[in-house]
Amino acid sequence: MDYLDTFTRDIPISRFTKSNASRTAITWLAACFFILLLTVFTPPAFAQVTVSGTVTAAGSGEPLAGVNIREQGTTTGTSTGGDGTYELTVSGPEAILVFTYIGFKPQEITVGDQRTINVSLEENIKMMEDLVVIGYGEQDRSTLTGSVSSVSAEEIENTPVAGTDQLLQGRAAGVQISTNSGTPGGGIFVKIRGTTSISGGSDPLYIVDGVPIETGNFGLDLGGETTSALADIDPSNIESIEVLKDASATAIYGARAANGVVLITTKRGTDSAPTIEVSSYYGFEEPVNMPDLVSGPQFEMLMNEAARNNGEAEPYANPQNTINTDWAETVFRTGTVRNYDLSLSGGNETIRYAISGSNFKQDGVVEPSTYNRSNARVNLDVNATDKLTMGTSITYSFSNRNRARNNDNITGVLGGVYFLPPNLPVYQDDGSYTKFSIFENPVAAANEVDFDMNVNRLIGNVFGEYEISPGLNFRTSWSYDYNEVKEDRYDNTFTNNGAAVNGSALSSVAIITNWTGENTLNYKFNTGSHNFSTLLGTSIQESEFERTTAQGEQFPSNDFHRIEDAAVQTSSSIGTSWGILSFFGRLQYDYDGKYLATINVRRDGSSRFGDNNRWGTFPSFALGWVPSEEPFFNIDWMNNLKIRGSYGITGNQGGIGNFQALGLWGGDSYTDSPGTSPEQLSNPDLKWETTTQFNIGLDVGLFDNRVTLAYDYYNKNTEDLLLAVPVPMSTGFQELVQNFGELENKGMELAIGADIIQKNDLNWNLQFNIAGNRNKITKLAAPFNVYNRDIYRYQEGYPMYSFYFHEQLGVDPETGEPIFADVDGDGTFNPNTDRKIVGDANPDFFGGITNRINYKNFDLSVFFQYSYGNDQLNWNRFFQEHGGTRNTSYLSSQLDRWQQPGDDTMVPRMTSENYAGNLRPSRFVEDGSYMRLKTATLGFSLPASVLEKLGGISRARFYITGQNLLTFTNYSGLDPEVTATATTQLTRGIEFYTMPQARSIIGGFDITF
């Protein structure tokens, strides 16, 4: 039987049977790990030869602290002190000392009869910055033909964020990242070169140390609040992040690469003496902004005015004497954030190791949100023989979230803050919570709902690489990603939800597993000036998901939370899986570093698609020319010039059900009798979304590479969109997922790096990037609207995330009535026909600016992130700028309403007609452009003279960091960056009772022994 057929034949309806593949994978993974740990190497024999000396930097003569010195072939080693000196006892005169230091060329010296060995290390300019991680390998940046952005550990260290994806914001050209909310451990919006699918998945593929990991939101639905599986990875473990953007770079990943690929490499051991690093930071957080709501007297005054304007009696006699409850102050708080890290790394020629552990905890600025994560990581590399290398990377994490109903949820904590009038007290005279309609008292929502989410995560990889002959290597790699999500929620009887059913509880356990096996054959050779690198490989991947949920109501009292104690109990269980089988190859060629070519091809077979289109082929090719290597190139101030271009096809299988191509039957939902009924039509022609991309780029180095520029223009066209298309009613169904629709994304990217000052005591580096993407729907079966009150519209010729409103031109200064555009041109305004697209959430351009300055022992880093031209919907205004048509609270913007002839405002006179429920005024769609001082860090490293006196410490740095310190924007809401409805692919750029991001100040230290 075909491997892929195992996913699409004999599928059980009511239960999910787990394959033995995942058990086999994890058992094999554990076995290999312990074998590696038990690898035996011969301990060194010590002799009576002692050498000492000083290690300095060539050119400047400055002493280098922390240089690793090792006797070759043994575990004997040491490192230089703060003054660059060292002392080491070695086996004898024949011993060879190896001196290594990051950023410098290694040096080997035979001891002989020397007892004092002073060493001058030369900088290795090309060492780290020019080696780029690509799919299934590494490549020198000088011969790279694809578009790849790199972010180093130095750029992101000590940034107080929970998720790895947040570290990329504003640092990689063409990568648009925004935080969905300020919820700790919450979801993140990440798009590389635009959104390439309407209803399919548009998130990039993430690969950590060769492991394709599960990302997504696996938590239970809480309105628009999401969680991020990427938050399980400790950012402090990261060595580098590479973002693959064009088809030449991504096509090697084929069917999952249409949205770009993010390669994350963690820190590994080096051939050096043991190094211990201890780091920690602690700080405080407060909201960037607070809700701008009216006071108690203002609320009653506005309600009286609305009543008068509507010809009704005023409901409040003495507004000036009413109470004033600031509901935001009852649940917003100053939170804390802290992190502890401990790592040990080192090794020799035989074995290298990196072991680390950490704990991160962050309080949300709105009670009771908290995120607490503990991580442990082991990276191990063993040279078993001269030809065989083995290794493993294993990460375990445990995290706990205290969740709350926020973000697109009117019955949550923030919903209560906005809806409850300020003339109500928090508590009644009898001590009970004040209740108001369907809206939850925010203090009750924060204190009387227990909602814990616990996640156990294991990500592991074992590999072996054998050198068959010089240049020819075979590598096998097996990885496993295990994710267990357990959630328990209890609404007690003090809440509206719990009071209605005498206590409500829910318990859920989800298990997500993903195993991958890959085998590659790599051959590198050259003939004269012709250099070749070839790659052939196979990959097999299986992913499984199952969730069991139980619910209970009618509890004896609030002391009982277990569902077994509920009088009414229900439960359900679901399960699903998918698999993919792949074959791929790559050919890289360069002639003398001047003429470059890359060809990729991958063929994927996925269980998700129909029998007629199960397999897809995804090729790409790229060409490059380096004029600066030509004999005729004679521009003194330009030392590097490379022109590159690429074209290719990538695929997307995300965002649809695992069995979307099949005709499905399920339990009878129409009667209580046992039986089955059809649930889904089959579509054997269902296939991949395919994205073709053309890219042309330019890389420039000026003034000895003190200034570098990278420019790219791209055009991406996505065809065969996976969309639910209406079908004839005679089928018994309303729609069927088909391949219909097209999207276009095109844009430009520019990244500039400059070493403005390079002196012994002073260095100033500037990094700047800017990108603009234009998204457009070029083919669609029919326009459609989505979300609350149909405020988003999808239509040919317009971009995704378009806002669909009544265009408000102003307010009549004589009458106070709103003036709306007559869209259909019939001379009158009709709310049913005169709506139009008034803007969209896509920015015109976005990017970041980083300045890093080092002066003697001080370092300063200032990072700005910006977005321009994006519209942001302040949907809070629709509900809290209601003109008296509701009895809920107001935003302060209601105070700008029209009151008398001559008033110039966009807020109409407070009457029922001017605020009718069928009106969608465009004044709520605001300019969401912003520039934010994202992080600023000031650090001080102890000088070598102090470290020498302390003894045993090679580096000690202390710093203070501020995050989200300043935001420059015209947006009137809490945060121009957030999106409330993050659970759907179809909405962006909306604030709706969304927790804002936090402004934080932290202090920390890094100490290396």
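This is a predicted model: local features need pLDDT of at least 70, side-chain atom pairs count only at pLDDT 80 or more; totals for chains, interfaces and linings use all residues.
**Salt bridges**

The structure contains 35 salt bridges.

| Pair | N to O distance |
|---|---|
| Arg547 and Glu487 | 4.0 Å |
| Asp491 and Arg489 | 3.8 Å |
| Lys934 and Glu977 | 3.7 Å |

Arg547 and Glu487 join through their side chains in a salt bridge. This pair links distant parts of the chain, 60 residues apart: Arg547 belongs to strand E25 (residues 530-553) and Glu487 to strand E23 (residues 472-491). Arg547 has a relative accessible area of 13% and is buried. Glu487 is buried too, with a value of 0%.

In the salt bridge between Asp491 and Arg489, Asp491 is buried at 2% relative accessible area. Arg489, at 16%, is buried as well.

The side chains of Lys934 and Glu977 also form a salt bridge. Lys934 sits in strand E48 (residues 930-941), while Glu977 sits in the loop between strand E49 (955-969) and strand E50 (990-991), so the pair ties together parts 43 residues apart in sequence. Both Lys934 and Glu977 are buried.

Salt bridges also form a network, which links Lys642, Arg644, Asp699 and Asp712.

**Arg171**

Arg171 is found in the loop between helix H2 (153-156) and strand E11 (175-179). Its relative accessibility is 13%, so Arg171 counts as buried, the cut-off being under 20%. Apart from neighbours within four places in sequence, the residues in contact with Arg171 are Val151, Glu155, Ile156, Thr159, Asn769, Thr850, Phe863 and Thr935.

Methods. Residues are numbered from 1 along each chain as its sequence is written. Side-chain values use heavy atoms; hydrogens and water are left out. Helices (H or I, at least four residues) and strands (E, at least two) are DSSP runs, numbered from the N terminus. Buried means under 20% relative accessible area, exposed over 50%, partly exposed in between (1.4 Å probe, protein chains only). Contact means heavy atoms within 4.5 Å.
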